[in-house]
Structure formats: C-alpha cells, structure tokens
Amino acid sequence: MLELQNISFHADDKDILKDISLKIDDKFVAITGPNGSGKSTLLKVIMGIITPTSGKVIFDGQDITDLPVNERANLGMSFAFQQPVRFKGLKVKDLLSIAAGKDVSKDCSYLRSVGLCPRDYLNREINDTLSGGEMKRIEIAMAAARGGKLSLFDEPEAGIDLWSFQSLIEVFENLRNITNGNILIISHQERILEIADKIIYLKDGMVDRYDESAKIMDDLNMRRRGGCDCAYGQKGVSCNG
Amino acid sequence: MDELEKRMLKEVAELDSLPVGAFNIRSNGASEARNSTANIQIESRESGDGINVYFKDGTKNESCHIPVIISKTGHKECVYNDFFVGSDCDVVIVAGCGISNCGGHDSQHDGIHTFHIGKNSKVKYIEKHYGEGTGTGKRLMNPTTVVYLEEGATMDMDTSQIAGINDTYRITKAELGANATLIMHDKILTNFDQTAKAEITVDLNGDGSVCDIVSRGVAKGESEQDVIIDISGNARCKGHAECDSIIMDKGVIVATPKLKATCVDASLIHEAAIGKIAGEQITKLMTLGLNEQEAEQKIIEGFLR
Ligand SMILES: Nc1ncnc2c1ncn2[C@@H]1O[C@H](COP(=O)(O)OP(=O)(O)O)[C@@H](O)[C@H]1O
Ligand SMILES: [Mg+2]
C-alpha cells in the first residue's frame with residue numbers, strides 16, 4: 001500500500017532522516033521512538049508537506065514523490081497535525097465540510113465521535129479561543145471525516161486530558177473497525193501501540209525496529225511501568241513526552 | 001429596475017425583491033422607490049441631496065433599507081442621509097452602494113451618514129460597498145459615517161468593501177455618552193492598483209462607555225491601504241481596537257494606532273498585526289484537498305467574513 005524507498009532528509013547540516021526504506025501494508029501501524037527521532041518529519045514526507053532530499057514514496061504502486069499535498073489528499077490520504085493550525089474567521093463547520101466533502105451543518109457524528117458536542121462547536125471559529133485539547137480533537141475529527149485510503153495522525157493523544165483519554169482510544173479502535181483504509185499513527189501511548197498491528201520504532205532518523213506490535217513492546221520493555229500511560233515512563237515517574 | 005440594477009441590489013443589500021419595512025432605493029441620483037412605516041418616516045431633505053429618516057421612540061424589530069446604485073458612467077453625487085433614532089428602539093439599518101461602470105468616465109458616490117441614536121436604543125448597521133464594470137472610468141466611494149450615541153445606546157456596525165472600488169476614503173467618527181457601546185467590524189479588500197484610506201475616530205466621553213473596533217484588511221496586487229484608528233478615552237471607559245491585515249503580492253498596508261487618555265479611569269488597548277497568509281494554513285487546507293489558490297481564497301474568505 002505504502003512504500004518508502006531510501007528516504008533521506010537533510011536540513012540545517014543535519015541528517016534528519018537517514019536512508020529509510022519501509023513497506024507498510026497492515027491496517028493499523030504505529031510509529032514510535034524518542035523525541036527528535038524524525039517521526040513527524042517522516043509523516044510529513046509521506047503526505048508531501050516535506051520534500052525528501054532523496055528517495056521515493058510509492059502509494060498503491062504509484063510514485064507520488066513529486067505530487068503536491070492536495071493531490072495526495074485527493075488520492076485518499078489525510079493528515080492530522082501534531083500542532084493543529086488556527087484560522088481567523090473560519091469555523092469548525094467550514095473545515096469539517098471541506099474535509100467531509102459535504103455540508104456537515106446537520107451531521108454531528110464527526111464531532112461527537114471525538115467527544116465534542118456539535119451544537120457547541122460547529123459554529124466556533126478555529127482561532128485561539130479554542131484550547132489545545134479542543135483543537136486536537138477537532139483535528140482528529142477532520143481526518144476521520146476525510147477518511148480515505150491512508151489516514152496519518154501525528155501524536156493525536158498529546159494535550160488530551162486524562163478524562164477524555166479513554167474515549168480517544170475508543171475513537172481509534174472505532175476508526176480501525178469502520179475504516180476500509182489504513183491508519184499510520186505516531187504515538188507514545190501504550191494503549192494505542194497495543195491496538196496496532198505493527199510498530200515502527202524510529203531512532204536517530206533510522207528505522208531501529210519494525211515488527212509485530214506485541215513483540216516490539218515486549219522487546220523494548222514498553223509495557224506500563226510508572227504512573228504514566230506513556231510507553232517511556234519509568235516506574236513511579238511520570239513523564240510529559 | 002433592469003437586470004443590472006437588480007443584481008447590484010442583491011450584491012449590496014442582499015435583496016431579491018423590495019424589502020419589508022421602510023426603504024429608499026436610490027438609483028443614478030433619483031429615488032426609485034420609497035416606503036415609510038408607522039414608526040419609520042423617510043423624508044427628502046429640503047436641499048434635495050439626501051434623506052432624513054425618523055424612528056419613533058420604542059420602535060422595535062423594524063428595519064430600514066437604503067441601498068444606492070449607480071450604473072451610469074460619469075455619475076457623481078454627494079448624498080447626506082441623517083438618521084434620528086428615538087429612545088428605546090431596536091432597529092436594523094441596511095445601507096450599501098454598488099457602482100457598475102462600463103464607461104470611460106469616473107463614477108463617484110460620497111455618502112455622509114449621520115446617526116443620532118437616542119437613550120437605550122440599539123442600532124445594527126450594515127453597509128456594503130461594491131464596484132464592478134469593464135470600463136476605464138473609475139469607481140470611487142467616499143463614505144463618511146458620524147455616530148452620536150446617547151446614554152445607554154448601542155451601535156453595532158458591520159461595514160465592508162469587498163471588491164471593485166478604485167479609490168476610497170472612509171471616515172468614521174463616533175461620540176459616546178454614558179454607558180454607550182460602539183461595536184465596529186470593518187472589512188476591506190483591495191486589489192490591482194486600488195487604494196483605500198480609512199480613518200476611524202472614537203471619543204469615549206461618558207462614564208461606562210465601551211468601544212470594540214475590529215478592522216480587517218487584505219491588500220492584493222499593488223494595492224495600498226492606510227488605516228488609522230484613533231480612540232480617545234475621556235471618562236471611565238474601555239476602548240479596544242484590533243487592526244489585522246494580510247498582504248499579498250506587492251500589496252502595501254499602513255496601520256496607525258492612536259490612543260489618547262484624558263481620564264485616569266480610561267482603559268485603552270490597540271492591537272495591530274500585518275503579515276502574509278501563514279504557510280501552515282495553506283498546507284492544512286491542502287491536506288483537505290484544496291489546491292494552493294483555493295486554499296488562499298478560503299483563508300481570505302474566512303478572514304474577511
Ligand atoms: N526543517 C527542519 N530544519 C532543521 N531541523 C529540523 C527540521 N525539521 C525537523 N528538524 C529537526 O529534526 C529532528 C526530528 O524532528 P521531528 O521529525 O519533529 O522529530 P519527532 O517528531 O520524532 O519528535 C529534530 O531534531 C528537529 O529539530
Ligand atoms: Mg513530532
């Protein structure tokens with residue numbers, strides 16, 4: 001479905017991605033790894049937001065390396081940003097409608113599925129009156145509304161409070177069940193890593209491990225140890241990664 | 001009314017047919033249709049260069065439409081419209097001017113609107129300016145809006161100039177009495193070699209008076225905008241102004257904030273920002289399938305909404 005051939009990205013005299021080659025066919029694949037390991041950069045290369053210094057991106061057999069972002073979107077790719085973008089004047093229903101390809105004024109399912117009441121949010125401007133957590137959920141709703149063949153999520157759990165966390169996991173479990181497409185998600189969350197078919201473990205811009213989820217989690221000792229849900233948490237020590 | 005005039009009417013006043021309530025439709029310098037109601041009286045000024053509109057005390061949930069259309073090339077006019085709103089009213093006034101100029105002579109509308117708004121009255125004022133036409137003649141508009149707010153009165157203004165005006169010089173002046181409120185949203189888009197100058201002056205003279213001015217501008221092509229917002233706080237009052245602009249191509253925007261306080265209990269804030277469209281906003285919309293031009297258009301549409 002998705003193939004990366006020798007992807008490298010070089011910027012600021014740094015090798016941020018180093019000769020990454022991967023084939024992704026499983027329905028739900030998670031990318032994890034330390035901060036700064038190149039996860040977001042890799043996801044942006046897949047979406048076309050970043051042009052790699054060298055290498056090729058193949059999607060459903062088609063070389064899309066030179067295809068602009070919107071054309072990739074129209075091939076069925078969607079992207080939820082780690083840091084969602086704000087717009088003065090544009091409303092939640094405007095962007096959701098573009099994402100869904102239809103008027104969502106009367107369709108509430110997208111927002112409800114991320115735990116937001118449509119009545120309260122459809123007419124809100126996507127400006128800085130929305131909190132970080134609200135922005136993240138709207139971002140997820142937009143990617144879900146777009147659906148399609150490949151949905152890319154960059155740390156959807158970051159900034160979501162503990163209360164909503166359980167329902168967020170349900171969102172992804174649900175998404176996994178209903179979508180006909182594939183999901184590629186950057187996450188540090190044990191609960192999300194657990195429901196993945198495979199995990200890509202990125203380190204220093206390289207693929208360190210790529211295997212069945214359970215195997216990687218055991219091998220890298222990622223099961224919950226501390227009071228923190230984060231797969232990197234140390235016993236008794238919470239972390240904010 | 002011909003098709004062109006009907007279309008212009010829709011553009012500036014969102015009217016498909018004659019409006020309900022009071023109205024005066026001015027076309028190429030003459031009153032084409034007029035209607036007064038039991039509470040809203042429209043009269044021609046003796047000098048013949050505009051109208052006086054009287055709202056009886058307690059007029060509620062009524063509207064008054066006064067669109068102006070110019071379709072004759074070379075037509076130039078200066079019109080005075082005065083509004084006398086009694087006390088305890090709650091009304092909507094829709095003004096607007098459309099110039100269609102397909103000829104070689106400049107067409108111009110200078111409208112001077114003066115509002116006297118009585119105690120505890122609320123006025124919603126909507127004004128749209130629009131120009132079109134293929135001729136070499138310019139489309140010029142110089143609106144002046146003067147607002148006097150008595151105790152407890154509120155004026156909520158939505159003013160916009162979205163397309164097709166070559167040159168404009170917009171003056172807005174307001175004086176607020178005790179507990180009066182002025183809300184103003186001004187939107188302006190210029191393109192090509194158009195120029196727009198806007199001067200907004202507010203005097204907060206009464207204790208408890210409040211103003212909130214939001215000015216949004218987009219300058220495309222080689223157009224230039226010059227915006228001055230000037231607030232004086234002369235009592236225990238609150239004044240807020242936000243001047244937010246997007247420049248594209250070779251557009252130029254000058255934003256000049258001016259605040260003056262003559263009372264220690266005056267609290268005045270001015271925020272101004274100018275910049276191009278954020279690249280990440282375009283990228284985000286492209287991930288939703290829009291191409292770069294569509295994304296830009298959507299962002300501006302929202303910004304000027
Ligand atoms: N355009 C860029 N120019 C220079 N450095 C970059 C650029 N993009 C990312 N980086 C750097 O590359 C590294 C990987 O970044 P990122 O992909 O965001 O990591 P992760 O998402 O795994 O935390 C970081 O050190 C980051 O500072
Ligand atoms: Mg990241």
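This short talk describes a predicted model, with attention to chain B and then to part of chain A.

Good morning. I begin with the overall make-up of chain B. The chain contains 3 helices and 20 strands. Its radius of gyration is 20 Å, close to the 19 Å that the globule rule gives for 305 residues, so chain B is as compact as a globular protein of that length. Along the principal axes, the C-alpha trace of chain B spans about 55 × 55 × 35 Å.

How much of chain B is buried? Of its 305 residues, 55% count as buried. The accessible surface of the chain comes to about 12,800 Å², and carbon and sulfur atoms account for 47% of that surface.

A word on charge. Chain B carries 31 positive and 46 negative side chains. The centres of these two sets lie 1 Å apart.

I now turn to one element, strand β1 of chain B, which covers residues 22-27. Is this strand enclosed or open? In β1(B), 6 of the 6 residues are buried, so the strand is largely enclosed by the rest of the structure. The side chains divide between two directions: B:Ala22, B:Asn24 and B:Arg26 point one way, while B:Phe23, B:Ile25 and B:Ser27 point the other way. The residues on both sides are all buried.

Which strands pair with β1(B)? As a reminder, strands of a sheet pair through backbone hydrogen bonds, either parallel or antiparallel. Both kinds of pairing are found here. With strand β5 of chain B, residues 60-70, β1(B) runs parallel, and 4 bridges join the two. Within that pairing, B:Arg26 has B:Val68 as its bridge partner. With strand β2 of chain B, residues 30-35, the sense is antiparallel, over 5 bridges. There, B:Asn24 stands opposite B:Arg34. β1(B) and β2(B) form a hairpin with 2 residues between the strands, and in this hairpin B:Asn28 takes a positive phi near 45°.

Let us move to chain A. Here 4 strands form an open sheet in the order β2-β1-β4-β5, and the pairing is antiparallel. The edge strands are β2 (14-24) and β5 (62-63), each of which pairs on one side only. Strand β1 of chain A, residues 2-11, pairs with β2(A) over 7 bridges. Across this pairing, A:Ile7 stands opposite A:Ile20.

I close with two loop residues, one in each chain. What is the phi of A:Asp12? The value is near 55°, which is positive in a residue other than glycine. A:Asp12 is placed in the loop between β1 and β2 of chain A. Its relative accessibility is 73%, and A:Asp12 therefore counts as exposed, since the cut-off for that class is over 50%.

In chain B, B:Asn179 has a positive phi near 55°, and this residue too is other than glycine. B:Asn179 lies in the loop between β13 (167-176) and β14 (181-190). Is B:Asn179 exposed or only partly exposed? At 44% relative accessibility, B:Asn179 counts as partly exposed.

Thank you for your attention.

Conventions:
Residues are numbered from 1 along each chain as its sequence is written. Chains are lettered from A and ligands numbered from 1 in the order in which they are written. This is a predicted model: local features need pLDDT of at least 70, side-chain atom pairs count only at pLDDT 80 or more; totals for chains, interfaces and linings use all residues. Side-chain values use heavy atoms; hydrogens and water are left out. The radius of gyration is taken over C-alpha atoms; the globule rule is 2.2 Å times the number of residues to the power 0.38. Buried means under 20% relative accessible area, exposed over 50%, partly exposed in between (1.4 Å probe, protein chains only). Accessible areas come from the Shrake-Rupley method with a 1.4 Å probe; for residues, only the protein chains shown count as cover. Lys and Arg count as positive and Asp and Glu as negative; His and the chain ends are not counted. The place of a charge is taken as NZ of Lys, CZ of Arg, CG of Asp or CD of Glu. Two strands pair if DSSP finds at least two bridges between them.
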